[in-house]
Structures are given as C-alpha cells and as structure tokens.
Amino acid sequence: MATIADYAGIPIAWCPGCGNFGILNSVKRALVELGMEPHQILLVSGIGQAGKLPHYTKGNVFNSLHGRPLSPAIGAKIANPELKVIAISGDGDAYGEGGNHFLHTMRRNHDITYLVHDNQVYALTKGQASPTSDAGFVTKTTPYGAAPPVNPIALAIVSGATLVSRGYAGDIEHLAGLIKTSISHKGFSLLDILQPCVSFNHKNTYNWYRERVYKLENEAGYDPTNKALALAKAEEWGERIPTGVIYRQDRLTYDEQIPALKMGPLVKQKIDPGLAAKLLDELL
Amino acid sequence: MNSHLNVMVGGEAGQGVQSVGFILAKAFARGGYHIFADQDYESRIRGGHNFYRVRVADSKIAAIAEAVDVLVALNKETIELHQKEVAAKGVIVFDNEKITDVAGIPSAFGVPLERLAVEQAGDKVMTNTVALGAALGLVRYDFAVSEQVLREYFKGGDISANNIKAARAGCKYVQENYHGDFDRFLSPISQVKRMLLNGNDAISLGAIAAGCKFVAAYPMTPTTSIMEYMAAKADEFGLAMVQAEDEISAINMAIGAGYAGVRAMTATSGSGFCLMTEGLGLAGITETPVVIVEGQRPGPAVGLPTRTEQGDLQFVLYAHQGDFPRAVLAPGTFEDCFWLTVKAFNLAEKYQLPVLVMTDHHLASSYGTIEKFDISKVAIERGLLVSDKEANDSAYKRHLITESGISPRAFPGQGKALVVTDADEHDEAGHLIEDADTRTRMMDKRLRKLTGLSKEISPPELYGSAETDTLLIGWGSTRGAIREATDILCQEGSSVSSLYLSELWPFPSGNIAGLLDKAKRSFVIESNATGQMSRLIRTETGKKTGTILKYDGRPFTPNEIVQAIKKEGR
C-alpha cells in the first residue's frame with residue numbers, strides 16, 4: 001500500500017501559504033486512502049501554478065500546454081482505459097484558454113476527473129483578471145474592473161458533466177473526500193476548488209472564504225440528482241457559497257461506447273498489417 | 001502511353017455528377033483499363049458547377065488530360081463551359097427535352113434523359129444514371145460489366161434494379177439513335193483486377209496497415225474522408241476515431257494517445273493545421289510520436305476550400321516556435337500515399353517526434369487504378385521500447401540523454417516505472433527545470449535525433465538521364481503531370497528529365513546540387529505563387545532554379561507544363 005511519503009515529489013516552487021498546498025495534500029491523501037499506487041494514475045496538467053502539481057507528487061505525468069490538459073487526457077484514457085486519469089487545471093487554463101475543450105469533454109462524458117484550482121486570478125503572470133474573477137475585480141489589465149465571471153458549476157451542469165462538485169483548499173479533510181468521490185466516479189467529474197491566492201488576490205482570501213463556505217451534505221433535503229436544485233445552488237455566490245457534491249447524473253461514458261475497447265485497452269492490442277489485406281479487396 | 005478515352009461529367013451539385021463519374025471509372029477499371037479521375041466542385045451542397053473527369057488508358061496514367069471525347073452534360077452550363085474542350089470527333093450527351101437551344105453545336109447529341117428515367121426506372125432522380133448509360137452506349141462498352149458495378153454501388157435491392165434499368169435505357173437509346181462519327185470505342189481488355197482508390201483512401205489504408213489505433217480530427221476538406229474511412233473501419237480494426245471539437249483538441253488528443261503507447265494520427269488542411277501548430281511543438285518537446293496528415297488547399301485563410309494548391313510547404317517545414325526535429329513526407333502517387341503513411345508511423349515512433357504527411361486536394365480526391373499493395377512488405381518499426389520487465393524500474397527516465405538522442409520509451413501503466421514528460425523544458429526524468437545547462441543538453445539531445453532521421457530519408461527520384469538540357473523538378477501531386485510532360489517533350493526531341501521529391505524533411509541531401517549543376521536549366525513546377533520548393537532548394541543547396549507556378553486552384557495538366565517549357569524557349 002502506498003503511503004503519503006510515496007507520493008512525495010520534487011521541491012515545490014509555490015508561494016508560502018498558497019492554497020495549492022491544501023489541494024496537493026488533499027490529492028495525496030485521497031490517492032492513499034483510495035489505495036492507489038502512483039503507476040496506476042496519470043496526471044495530465046496544463047500551464048499555471050496548478051499545472052505544476054503533478055511534479056510535486058508521484059504518478060505518470062503529462063504536463064501539457066496552457067488550456068489543453070483535457071485533450072491529451074482524453075487520448076491517453078481511450079488508448080489505455082486502465083489508467084486512472086486525473087486532469088489538473090487552473091481557472092485560466094480550464095475556463096479561459098481551454099473553454100471549448102471543457103464544454104465538449106463534459107458533453108462526451110469522458111471518464112476523467114478534472115481538478116480545477118480556482119483562485120479567480122492569473123497568478124503565474126502576476127495578477128491579471130481571470131475568467132472567474134468577481135465582477136469589478138480591478139487589476140493592471142482590467143483597470144475598470146473585470147466583466148462578470150463565468151459560472152463553471154452551472155456550465156458543467158448544463159453541459160453534461162456527470163459529477164459536479166466544489167471544494168475549498170482551506171478544508172483538506174473535506175476536499176480530500178471530494179477528490180476521492182470524483183476519482184471513484186465513472187464519467188466526467190468536475191471538482192472546482194476555491195483556492196486563496198496569497199500574492200495576487202487580496203479579495204477572496206482565506207478569511208473571506210471561511211466566512212462563506214458551507215457544506216451541502218449538511219443541508220437537509222439537498223438532492224444532487226435534482227438538476228433544478230443543483231442549478232439554483234450553482235447560482236449561489238455571495239454571503240454563502242456551497243461546497244460538496246452539487247450535481248450528479250448517471251450516463252454512459254464515452255469509452256463505454258467505443259466498440260474497439262471491448263477487446264481490451266488499445267495499447268495492449270497487437271499490430272498485424274496482414275489484417276488490412278481484406279480492405280484492398282474491397283477496392284478492386 | 002495510349003489514352004483511349006476521356007470522359008467528363010458535368011452538372012450542378014446534387015445532380016449526381018460524382019456517382020456517374022465514379023461508376024464509369026469503376027466500370028472501365030473492371031475491364032482492365034488504367035484510370036485517372038479527378039473532380040472539380042464548389043464549396044456548396046446544391047447548385048453551382050461541378051465536373052468529374054475520367055481518363056481511360058491501356059497503360060498506367062497519373063494525370064488528367066484536356067481533350068474531352070465524351071462530355072456528359074447534366075445541365076446547360078456544362079455545355080457552355082466545356083464545349084471548347086470537346087475533341088474533334090467528341091460527343092456532348094445532353095437532355096434534348098430540357099435543353100433546347102443548343103443548335104449549332106455539331107457534337108451535341110440529345111437523349112431524353114429525364115423522360116427515360118421516369119418511364120424506365122420510375123423516378124427522375126435517376127436522370128444521371130440514364131446519362132451514364134448513354135455514355136456507355138456511345139463507347140459501346142460491355143453493359144454486363146457496368147451492370148455489376150451499378151449493383152455493387154447501389155448495394156442491391158430495388159435501387160440497384162431501377163438504376164440498372166435507367167442505365168440500360170440510356171445505353172439502348174444511344175445504340176438505336178446515334179449515327180455520328182464518334183470512334184472511341186472500348187471493350188474490356190483484361191481480367192486484371194486493380195484497386196480504384198483516391199489519395200485519402202490510400203492514406204487511410206496505410207494507417208490501418210501500420211497499426212494506427214487512434215484518430216482524432218475535425219472535418220475539413222480535403223481530408224474529411226480519412227476520418228470517415230477510419231470511422232467506418234474502427235470497430236473491425238480495433239481503433240478509435242474521435243471527432244474532436246476543434247483541431248487544437250484533435251492533435252492534443254492524438255498526442256495523448258501517442259504518449260499512452262498507441263499509434264495515433266490526425267488529419268486536416270492548412271487552416272486546421274494553423275490551429276495544430278501549438279500541439280506540434282508539444283509533440284516535439286515531449287518527444288511524443290504523432291502523425292499529421294496535412295491536405296493542402298489554396299490559402300490563405302479559407303482560400304478556395306474545394307480546390308488544390310501546394311502553398312503550405314514553407315509553413316509546414318517551420319510551423320511552431322523554437323527548434324525541434326520533425327519529418328515531412330509528401331506523397332505524389334497513390335502508392336506513395338500508402339507507403340509513406342506506413343513510413344510516417346515508423347519514423348514517428350523510431351525518432352519519437354511529429355511526422356507530417358503532406359498531400360493536396362488534387363491527390364487526396366483524385367481516383368486512380370493501381371496494383372494491390374503488397375501488405376507483406378509492411379514492416380512495423382516501433383523504435384526503442386522498454387520491455388515489460390524494464391518498465392518496473394523505479395529509476396526509469398523518459399528523456400534519458402543518449403548518443404542518438406533517442407530515449408527508451410515506456411508507456412504509462414506498463415509497469416511501475418513512472419512516465420513523466422512536460423511541455424516545459426524538463427530534465428531526463430521529465431520534470432520541469434529552469435537551469436541553463438539542462439536546457440542546453442536537452443535541446444541538443446532532441447536535435448541529435450536528426451542525424452539518424454536524415455539517413456532514413458530517401459533521395460529524390462530521377463526520371464530520365466542525369467545529362468539533360470532541361471531538368472523539371474516537382475514534389476507532391478504534380479508528379480504524374482510532370483512525368484507525362486517529360487515524356488511528351490522527349491518524344492518531341494527535347495533533352496528533358498525530371499526530378500521528384502517525396503520525402504522533404506530532413507531535406508534529402510543526395511544528388512540535387514549535382515544534377516542542378518549538370519542541367520543547362522531547371523524549373524521547379526509547383527502549385528503555389530511564390531515558388532516555395534524552389535526557395536527550399538536554394539536554401540539547402542545554394543542552387544537557383546527557374547519556376548513554373550500555378551495558383552488558380554486547379555491541377556497542372558501535362559500539356560500545360562509542355563507549353564510552359566516551350567514558352568521558356570531554349
């Protein structure tokens with residue numbers, strides 16, 4: 001059985017106090033508690049501080065381009081469905097540069113867990129507004145305030161994601177549980193993680209979140225399979241911010257609908273050029 | 001080379017031009033003839049003007065010809081646009097009950113196409129099939145051969161039966177009523193069976209034979225039919241074809257699949273490849289094998305979407321920022337389309353890099369007859385793969401620095417070894433780095449792969465003597481037209497040979513400079529406006545060549561090249 005120590009990675013280059021540490025620790029804890037070994041998982045990340053997470057733990061790693069982690073994750077998952085594929089993004093990566101991939105990956109329901117470190121700011125480029133910055137957020141590139149944010153939770157619910165959750169980097173125990181739930185889910189799961197940025201976001205701080213976040217599982221009568229209720233919770237952002245599993249549905253995954261995979265992972269299938277001979281006869 | 005017949009079928013999109021053209025081509029191919037057929041169509045679903053040309057010969061042909069022996073005109077516009085191309089004893093077949101004002105065109109022969117379709121087959125939708133039958137009647141071709149092709153094309157049942165009736169009606173009408181001096185009669189010459197296929201078919205077959213297991217692409221002319229072919233064969237051949245949301249995703253999916261250990265490809269055209277350039281560099285720095293088919297069409301931007309050009313050469317050679325090795329192959333024949341696709345997959349895995357297969361609309365969508373590929377000659381070379389035992393080594397480094405630049409490749413999940421790679425510059429273990437020394441060593445390692453890769457590239461192919469006055473140079477789809485032009489010029493007494501490049505990068509050093517020195521003059525014949533291959537040759541060899549350029553979106557004909565060379569004088 002792998003331990004937390006087995007999931008140690010290379011030295012970390014994040015700012016002290018960064019919300020990413022809470023996410024990293026939650027990821028390690030979830031993987032250990034799920035009994036997974038590093039070689040069984042594939043971590044595919046994009047670019048941004050979140051994109052470095054795979055290097056700071058252990059696993060197979062494909063650290064891809066800005067905005068693109070879902071696409072190589074999809075290719076790898078189809079090639080070898082035995083891999084547990086976890087894609088890791090930030091808010092700029094997932095909802096800005098990678099917006100189109102985000103929509104269509106949910107629609108197709110690829111069996112991938114998507115962890116989005118959402119700090120509502122571009123931190124790696126030192127403090128510009130992101131797609132999830134609160135409306136009016138003033139930065140050097142948005143001197144008149146940012147436009148209203150995208151709502152990733154609502155987008156995910158209406159776009160066909162089969163598990164939609166929100167976590168908070170300041171609550172490792174709760175977050176680790178959500179990561180476990182997401183990884184165990186068959187189909188596409190979005191876990192948007194509220195992540196304080198101590199260097200560039202002085203609005204959405206640890207204190208700001210602590211005063212607002214609450215856990216949906218403690219809400220009597222909340223049913224995450226009820227789409228209307230889920231959409232109402234997706235709209236809730238202000239005095240109270242819901243965390244936990246917001247929406248869940250059952251639907252066939254993309255992989256389950258690929259006949260070729262019924263013969264086993266593509267990567268394990270032998271190459272035999274001779275099989276193509278019959279195709280030549282079709283053209284005579 | 002003996003051209004027996006040249007048929008052109010013209011009409012609006014939606015009138016069945018393509019079906020008639022293809023069935024004619026197939027029927028003549030079944031009779032042992034060699035075929036070259038191309039299509040000219042507009043970027044629309046209905047209306048406009050489309051035509052399909054079928055050239056029939058008793059020896060191998062690889063280009064279109066100009067003089068039309070039979071013009072099947074499904075509308076009046078076809079007559080107006082193409083009557084000047086009709087040969088001396090040629091015939092225009094048209095519907096004389098629909099088009100009544102063609103007096104004064106001696107070659108026009110009217111057949112009540114639509115009426116016969118309604119009377120004999122029960123639906124005017126088969127007007128085109130009546131016209132097909134009329135063309136067959138005119139050339140007195142064995143109807144039984146065509147009947148079999150029709151049955152296969154329409155997949156049996158009532159639709160087949162009715163189309164056969166329609167064709168028979170057209171054929172009979174011509175036999176009973178045509179008394180002109182048309183004399184291009186054909187009858188089957190042999191039982192030899194050849195494949196009739198287009199460039200995209202040959203590429204798809206090459207990919208399947210090479211063991212491609214993953215295709216991700218976004219539909220775009222002229223490579224869409226590769227997606228369609230692969231999708232149609234996916235279940236049977238154990239491969240996955242994903243229609244991606246865009247070309248950015250398509251190439252990144254293919255790279256993900258390549259990283260995970262399967263042979264993966266994507267296919268697109270120029271502006272789709274613009275979106276893929278970011279991913280191209282990702283394959284470069286992560287050393288991930290991926291095959292990209294780039295079917296050119298005239299640019300820039302949307303350009304002429306359904307026409308042909310060779311205007312992406314310089315772009316494909318240099319696309320992406322930074323330095324990394326790549327290979328660029330450019331088939332010029334249907335055979336090349338197959339074999340160079342197989343080679344592309346081998347090079348991609350042996351050297352762990354992106355390989356481009358460049359075609360263009362003309363090659364991708366033209367049909368020709370060729371002998372069956374000898375599948376037993378397909379060799380699968382997967383390069384330096386680690387064994388399942390070695391894949392348990394916890395010290396495994398995906399980007400191990402080696403003399404050849406090639407690192408042993410493990411797949412994620414193959415064993416306990418972790419396969420780590422990064423779009424950032426990284427160390428041997430695949431983790432991101434910032435230091436100057438590692439950066440330099442990793443860049444050098446990747447570029448060292450070019451040494452081995454260069455040795456894999458075949459030299460250009462010389463057609464004719466190395467001691468000639470005039471050397472014609474080409475690449476890609478112009479090969480057939482250039483060869484035929486070379487033959488014509490030689491037959492007319494000129495001293496001409498031709499040099500043809502099908503493996504473009506790393507640039508084949510070979511004999512190009514020597515041949516250019518020996519020839520009194522040389523011309524690169526290419527379908528673009530600025531002489532991109534001519535420029536590449538000059539960059540790589542220091543030798544200047546003349547150019548014969550065409551960039552109207554239409555393919556070169558042999559005769560056009562002959563005339564252009566004559567115009568250059570001696």
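Two strands are counted as paired if DSSP finds at least two bridges between them. Keep that in mind as you browse these close-ups of a predicted model.

**View 1. Two parallel strands of chain B run side by side.** Strand 17 (residues 470-475) and strand 18 (residues 496-501) are joined by six bridges. To find your bearings, look for B:Leu471, which sits opposite B:Ser497 of strand 18.

**View 2. An open sheet of five strands in chain B has a helix packed on it.** The strand order is 16-18-17-20-21, with mixed pairing. Strand 16 (461-463) and strand 21 (546-549) each have a single partner strand, so one side of each is left without a neighbour in the sheet. From one strand to the next, the twist averages 25°. Helix 18 (residues 558-567) touches strands 17, 20 and 21, and its direction makes about 145° with that of strand 20.

**View 3. The largest pocket holds about 810 Å³ of space.** Among its 25 lining residues, A:Glu282, A:Leu283, B:Phe22, B:Tyr153 and B:Tyr367 come closest to the centre. The lining comprises 11 nonpolar, four polar and 10 charged residues. Domain 1 (3-177) and domain 2 (197-377) of chain B both contribute to the lining, so this pocket lies between them.

**View 4. The second largest pocket holds about 630 Å³.** Of the 30 residues around it, the closest to the centre are B:Gln18, B:Gln39, B:Tyr41, B:Asn50 and B:His361. Elements of chain B giving two or more residues to the lining include strand 1 (3-13), helix 8 and helix 13 (361-365). Here the lining divides into nine nonpolar, 15 polar and six charged residues.

Note on methods:
Residues are numbered from 1 along each chain as its sequence is written. Chains are lettered from A and ligands numbered from 1 in the order in which they are written. This is a predicted model: local features need pLDDT of at least 70, side-chain atom pairs count only at pLDDT 80 or more; totals for chains, interfaces and linings use all residues. Side-chain values use heavy atoms; hydrogens and water are left out. Helices (H or I, at least four residues) and strands (E, at least two) are DSSP runs, numbered from the N terminus. Axes are lines fitted to C-alpha atoms, for helices over the stretch in contact, and angles run from 0 to 180 degrees between N-to-C directions. Contact means heavy atoms within 4.5 Å. On a 1 Å grid over the protein atoms alone, a cavity is a set of points where a 1.4 Å probe fits but cannot get out, and a pocket is an open set with protein on both sides within 12 Å along at least five of seven lines; lining residues have an atom within 4 Å of a point. Grid points are joined across faces, edges and corners, and a volume is the space filled by probe spheres set on the points. Ala, Val, Leu, Ile, Met, Phe, Trp, Tyr, Cys and Pro count as nonpolar, Asp, Glu, Lys and Arg as charged, and the others, Gly among them, as polar. Domain bounds come from an automatic or database domain assignment.
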